[in-house]
Amino acid sequence: MNRSEHKLCSFPKSLVRNQDLFAPAPFNAAESEKTGASNYSYWKSTLRTFFKSKAVVALVVLVCGIILMSFLYPVFSSVDPTKVSTDRQDWNLRPSLTHLFGTDGLGRDIFARAWYGCRNSFLLAFCIALSDVGIGMIMGALWGYNKKLDPIMIEIYNIMTNVPSTVYLVLLAYIMNTSYLTLFISMASRGWIVEARFFRNRILSIRDSEYNIASQCLGTPMRRIATRNIIPHIINLIIMEAALCIPYSIGSEVFLGFVGVGMPVDAITLGNMVNHGRGSFTLHPYQMLLPAAVLCIITVAFYVIGNKFADASDPRNHV
Amino acid sequence: MKKNLKQAEAASQQVLSPEEAAEKEALRAYESEILTQSAPHHAGPCLLSARDVTVKFNLRGKELTAIRGASLDVYEGETLAIVGESGSGKSVFTKTFVGMLDKNGRIDGGQLNFHGEDMAKYTKEAEWLKVRGKKIAMVFQDPMTSLNPVRTIGEQIAEVIMWHFGKTHDEAKAETIELLRKVGIHDPEARYKQYPGEFSGGMRQRVVIAVAIACRPEILICDEPTTALDVTVQAQVLDLIKSLQKEYKMSVVFITHDLGVVANVADWVAVMYAGKIVEYGTVHEIFKAAEHPYTKALLRSLPQLGTKGHDLYSIQGTPPSLFKEIKGDAFAPRNADAMKIDFEEEPPIFPVTDTHWARTWLLSPQAEVYRAELIKREAERMDNAVPEAPFNYNGAEPLLQVRDLSVQFKLSGKTFKAVDNVSFDIYKGETLSLVGESGSGKTTIGRAIMRIYTNNVSGKVTFKGDRITGKLSRHEKKKLHMEMQMIFQDPMASLNERAKVDYIISEGLYNYHLFENEEDRVAKVERILEEVGLTSEFVSRFPHEFSGGQRQRIGIARSLIMNPDFLVADEPISALDVSIRAQVINLLNKMKKERSLTYLFIAHDLSAVRFISDHIAVIHKGHLVELAPCEELFAHPLHPYTKALLSAVPHPDPDVERNKKLLHYDPAMHDYSTDKPVWVEITPGHFVYGNDAEIRAYRRELEL
Amino acid sequence: MAKYILKRIVRSLITVSIVFFVVFMPLRFMPLNGYFPDEMIKETDEATRMTYLRNLGLLDHPLIQLGRFVKNLFRGDLGRSITVYAKVPIATLLVEKIPVTAFLGFWSMLLGIVAGLAMGLMMVRFKDKLGDTLGNGYIMIVRAVPSLIYLFFIQIWVSKWFNLPLVYYDYKPLSWILPIVSLSLSSVAWYALWLRRFMVDEENQDYVKFATVKGLSKKAVLKKHVFRNAIIPLSAYLPSDLLNIISGSLVIETLYAIPGTGGLLTTAIKEQDNPLVQVLVLMYAVVSIFGVFFGDLLLAFVDPRIKLTED
């Protein structure tokens, strides 16, 4: 049927418009290119999602506060955490204004010890996180880019992960004399391989992605492939893994202390304080409860921050 | 800013004056009259009637209106195709029929009348359970992910029968086997116990269809059911859907972006753009007498309708953002022939015939004069195109020569040859297309040439007479990077998401320090951006902010800035929307002419290939089976696989599409046990793969 | 199938031998004090000690010692404890102690699976609601707080609330409850966490949407598709759970004075009983390696996507 023959009886008068409007309009090429995509930026969205929760903001502030305080405490305060009192009066004091957390069996101020312990535990944990994630990432990159490493790395991975981590830590700590260094070595020697595998899988998928192949076609040198193509895509994983390393290494330290291969008795760490406090728990519960509380706040905070950051850095959650 | 918006919103929701209300009511009555006037022309009664459906999504704290008042009727016993590009809302719209919107989406208005109930008001799961599967069933796009990988095929079909009809396991099993047979699965008893992993893509889609029809639904919604399949398999699955539709007298709602598929299956067609149905009519009316500028442009931009050597008609720009309120006709900004009113006011529905309507002001009696002028202009444009002469091979020198190229991969301990002894030449200035289905090894050839694969490649590739396979010196590599570049398939994956456009485009310049100073580099980037049709203000943005077509153009700019002589284009248009494809094809052709480039064009879509290539090579399972000049291949295909491939190509013409005969190719037909196949030049420039007996048969065929 | 199992066994054996070597060698370089009973250090002179060491074979080349150790192993001779239980053959000790640890481990693993899956299901059922939040809170505490701390408080406080014995007695079943429950706590968190994660992942899969559009109710889809698919990758985590339990048993057995191998290891370490530490560590390693082996086997059985016939 031809259009002109079609009945237009139902054409309502209300659809009649000013005839001038039925003239051609100028074409604007720039206007036609206005896209549907919003001005989305990955990092902005990640941070916005991350800080959306008030609890996360509070935790981040808390953690920063604790870290700062633990490093600045020796500057503010002249209390010597190792000062042993010969006066029986100073032993096992309950928390009070002079000794906020009380004193231990030798009259040492637990509040001061807690900050020194925090600092030492943090330093240890940071070193471990740094080496686990750092070595793990480098080895993971080598592993991902070099197929020949496969058999060796897989075997190392199998051995390391087939043996329970605690048994491994216990054995190594047992073999070596306990000190900060040996604790670091025993934890760091295992942690990297797990991270390496994690990063290897990610790097492998980046290596085979089209944009990376495009770089290859353009002859981009390895150095710039690393800084431009790989690291920006895994930096979120690095942050997350490092954050999650911290509760793990603090927990391991407590565990090793418990088994009897932890830090030397005179070292002030949160793990040592908890383990010492445990012995006198029935008589002086605060000697364990307070350091344990500090320790739990730290581990939980890092755990939550790490996980929330992982969620926030996943583009699927950028709603 | 926000406050203003809120005020505007409040204003729009204000109570209308009596006159305005009456006017609105009159318009609604008028539109609903046009929507229903096709009723007597349909095969059966109306089953489902959607009116003014609006769907909104919450995305990153912003509201997106995916469907902006879509109205459509589904009639019994017919196939209705909904056509549109990605983001047009075609898929979302049909999802509302089964209550399957994603969690952040909701129906914000309108009705969905089905069996006397308004499904738009359904809130409880129990209400949907009466509809889903039983009355309205759905088939998804990707057969690879639609089936549960850890349960047997049989279980997954029998489950539906048991669930809906309360049958025992044995009864359901018998019925399932019958169904499997019906959808064309051989040896259904044995297949019943198999897992999806043991089925090919096409077979899985048949199983998915079996699941969907297990309860004899009244409406079967097929959401791009063949997009993920190879052309030959696609044609078979379409045939299956058509025959099932006839047998069960179902209504089929077919969602697709592929006009060839529409021409094949549809009785009625609805065209969607930016969340609205802009045109509706019978398949013939849409293909032969489209009225909406978008539909017309879409049809004209198909490569099948192009003239070789000339620009394809292309739609400018990109689809609009659905985050913002759209004023007037959503297509107006991209429509070079738009009228002033298109920018002012949303057009209402105008009838064309009893069965055909479109949402464009052009159909208003007031636009009669302008419309006539447009028709005249169009006819002139069609007349004066003369196809370019075919590529002249006399005296042409080969730029790239591939000899006995094989590429091996290791997969779970086994090696297999992805590419097996492939030889061909690419002449300077031509476009050679490599056509084959997924997994045929076409991309692997491209990547082997680009030296992305090196260790597992054997054979020899020479470029300008120099060997480029094997170990190369740093200098030789640099030379290659400057002369050979690649364009990638997936515009989303091929740009580094964390880098700005400026870096992405200049990457090659940085690598070999191909600029004098920072100013020179910026100038170069701006020049190339302009060449690919983008403005220089884009340089400081990240790739997310661009649409697929724009990203693809950025990818092209990235390789062209190196000033190469030879480009490997790996399916550069297959991930793009129909309206964008023509832009990219034109750009590639323009670049070829201006910079005298040579292309290796890798594709699976023969229609585009025919338009752009001089030579076509057909590849099947790692073997080149045929290589010939473009028109020669279409005129005299020899290898049975080529013939099958050509027979399956969809045409955007319902008359051609409905009468086409599918040819099947079964590799088992070749008996290569004693007589080994070879690669033979059967006539000058026409190569084919076969053994002596086959070659003799091909020769006879050519003489006839 | 048989080929796959065989291949996997060979690989496990290789891993075991490497672990043997790696564990055995460093222990050779330990100070030799761990080989003397306490009274011996005080009472004997240098020469007697050297003879003593020579008799134990500790002055031989480490590799020879390893060879001898392995040879003896096949005869059922694991050496003798020195400081913890002076001169008692370690094999005898193990025969006595392994059943206790295995018993506790078995029940807590079972409890962990049942309670963990139940909790995971609850979290998915009430996703983003109270049930989910509580579950997540529990998982967070168990995973973030060092286990020793919460285990210690459970021992002290929970035993008081429910009037349960503070330590383990093998004749008093009531005293088994706390150790078993404590040991399973981290497993519960582990299973709940992964079940939830896998189920949420599966829920977004196309085939789940397809199952919904088939007309199956949400419950049926959860049961027949989501849960069923989610427990498959979960079964790959069974061996990791075994490692978890082993780690936990070191702490729990010490806290509750349970006469099992975990407590024995901590005692052996504290008392520097080298031969005992060596055997126990190796035992744990071997158990874990074969646990992982059985986990892989199990996964291959339950997941049709892994084809055993291939490669």
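## Reading the model

Residues are numbered from 1 along each chain as its sequence is written, while chains are lettered from A and ligands numbered from 1 in the order in which they are written. Because the model is predicted, local features need pLDDT of at least 70 and side-chain atom pairs count only at pLDDT 80 or more, whereas totals for chains, interfaces and linings use all residues.

## Chain C at a glance

Let's start with chain C, which has 13 helices and 0 strands. Helices here are DSSP runs (H or I) of at least four residues, strands are runs (E) of at least two, and both are numbered from the N terminus. The C-alpha atoms of chain C fill a box of roughly 85 × 55 × 30 Å along the principal axes.

Of the 311 residues in chain C, 39% are buried. A residue is buried if 20 or more other C-beta atoms lie within 10 Å of its own, exposed if 12 or fewer do, and partly exposed in between, with C-beta atoms placed from the backbone. Leu73(C), in helix H4 (residues 62-74) of chain C, counts as partly exposed because it has 15 C-beta neighbours inside 10 Å. Its C-alpha atom is separated by 35 Å from that of Leu178(C), 105 residues apart along the chain.

Two residues are in contact if their C-beta atoms, placed from the backbone, lie within 7 Å. Among contacts in chain C between residues at least 6 apart in sequence, 70% join residues at least 24 apart.

## The nonpolar cores

A nonpolar core is a set of buried Ala, Val, Leu, Ile, Met, Phe, Trp, Tyr and Cys residues joined through C-beta atoms within 7 Å. The largest one has 232 residues, and Ala210(B) and Leu220(B) are among those with the most contacts inside it. Helix H8 (residues 177-203) of chain C gives the most to this core, with 11 residues. Domain 1 (18-135 + 217-326) and domain 2 (398-435 + 442-620) of chain B both give residues to this core, so it lies between them; these bounds come from an automatic or database domain assignment.

A second, separate core of 114 residues includes Phe258(A) and Ile289(C).

## Where the chains meet

Between chains C and B, 23 residues of chain C are in contact with 26 residues of chain B. H10(C) gives the most to the chain C side, with 7 residues. By class, that side has 7 nonpolar, 6 polar and 10 charged residues. Here Ala, Val, Leu, Ile, Met, Phe, Trp, Tyr, Cys and Pro count as nonpolar, Asp, Glu, Lys and Arg as charged, and the others, Gly among them, as polar.

The contact between chains A and B takes 48 residues from chain A and 66 residues from chain B. H8(A) gives the most to the side of chain A that touches chain B, with 7 residues. The residues of that side divide into 24 nonpolar, 18 polar and 6 charged.

## A sheet in chain B

In chain B, 4 strands form an open, antiparallel sheet in the order E14-E13-E16-E17. Two strands pair if DSSP finds at least two bridges between them. Strand E13 (residues 398-411) and strand E16 (residues 457-463) of chain B pair over 6 bridges, and Leu400(B) stands opposite Phe463(B) in E16(B).
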